[in-house]
Amino acid sequence: MREKTTRLFVAAAIAEACSWLALLVGMAVKYGPPADEIGVKIFGPVHGALFVAYGLLVLVMARTHRWSPVVTVVALACSVPPFATLLFERWAKRRGLLDAVPQPQRPLTPVG
């Protein structure tokens, strides 16, 4: 279950960042010379759905991986600025916050 949730979280982080890019391009087309709103009409709801999915997956990950409240708030805050979900996902991966099994803090020693 943890591995599937982690894979979904990583996919949602990447998809949310890509939807940001698509929405920004759609906004450039809307307010630029073509003045066509089709990009915003298509990518606005897509980005909204991925934004909500990322937020829900952050909460699931926080519970299953036992993230601290600070890490959880940072992960949620990273959904607001463009492409910050990618930065958080990379940071969390380096820190071991996405590991399927938590790594022990010290080496295990045999008993007996």
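Glu89 is found in helix α4, where helices are DSSP runs of H or I with at least four residues, strands are runs of E with at least two, and both are numbered from the N terminus. The model is predicted: local features need pLDDT of at least 70, side-chain atom pairs count only at pLDDT 80 or more, and totals for chains, interfaces and linings use all residues. Residues are numbered from 1 along each chain as its sequence is written, and side-chain values use heavy atoms, with hydrogens and water left out.

Glu89 has a relative accessible area of 0% and is therefore buried. The classes are buried for under 20% relative accessible area, exposed for over 50%, and partly exposed in between, with a 1.4 Å probe and protein chains only. Leaving aside residues up to four places away in sequence, Glu89 touches Val10, Ala13 and Leu98. A contact here means heavy atoms within 4.5 Å.

The criterion is a side-chain nitrogen of Lys or Arg within 4 Å of a carboxyl oxygen of Asp or Glu. Side chains of opposite charge can pair when their charged atoms come close. Two salt bridges are counted by this rule. One joins Glu89 to Arg90, with 3.1 Å between the closest N and O atoms. Arg90 is partly exposed, at 45% relative accessibility. The other joins Lys93 to Glu89, and its closest N and O atoms are likewise 3.1 Å apart. Lys93 and Glu89 are four residues apart in helix α4 (residues 84–95), so about one helical turn separates them. Through shared partners, the salt bridges link Glu89, Arg90 and Lys93 into one network. Lys93 is partly exposed, with 46% relative accessibility.

Charge was also examined for the chain as a whole. The chain carries 12 positive and 6 negative charges, and their mean positions are 11 Å apart. Lys and Arg count as positive and Asp and Glu as negative, while His and the chain ends are not counted. Each charge is placed at NZ of Lys, CZ of Arg, CG of Asp or CD of Glu.

The secondary structure is helical. The chain contains four helices and zero strands. Its pattern along the sequence reads α-α-α-α. The C-alpha trace spans about 75 × 20 × 20 Å along the principal axes of the chain. The radius of gyration is 18 Å, whereas a compact globule of 112 residues would have a value near 13 Å. That radius is taken over C-alpha atoms, and the globule rule is 2.2 Å times the number of residues to the power 0.38.

Burial and surface were then computed. Buried residues make up 30% of the 112 residues. The chain exposes about 7,500 Å², and carbon and sulfur atoms supply 70% of that area. Accessible areas come from the Shrake-Rupley method with a 1.4 Å probe; for residues, only the protein chains shown count as cover. Among contacts with a separation of 6 or more, 64% are between residues 24 or more positions apart.

Met61 is found in helix α2 (residues 38–64). Its relative accessible area is 0%, so Met61 counts as buried. Not counting residues up to four places away in sequence, Met61 touches Thr5, Thr6, Phe9, Arg66, Trp67 and Leu98. Leu98 is also touched by Glu89. The C-alpha atoms of Met61 and Leu8 are separated by 9.8 Å, although the two residues are 53 positions apart along the chain.

Two loop residues have positive phi. Ala35 has phi near 55°, a positive value in a residue other than glycine. Ala35 is placed in the loop between α1 (2–31) and α2. With a relative accessible area of 52%, Ala35 is exposed. Phe83, also not a glycine, has a positive phi of about 70°. Phe83 is placed in the loop between α3 (69–77) and α4. With a relative accessible area of 32%, Phe83 is partly exposed.

Helix α3 includes Val73. Val73 is exposed, at 54% relative accessibility. Val73 and Asp99 lie 26 residues apart in sequence, and their C-alpha atoms are 19 Å apart in space.
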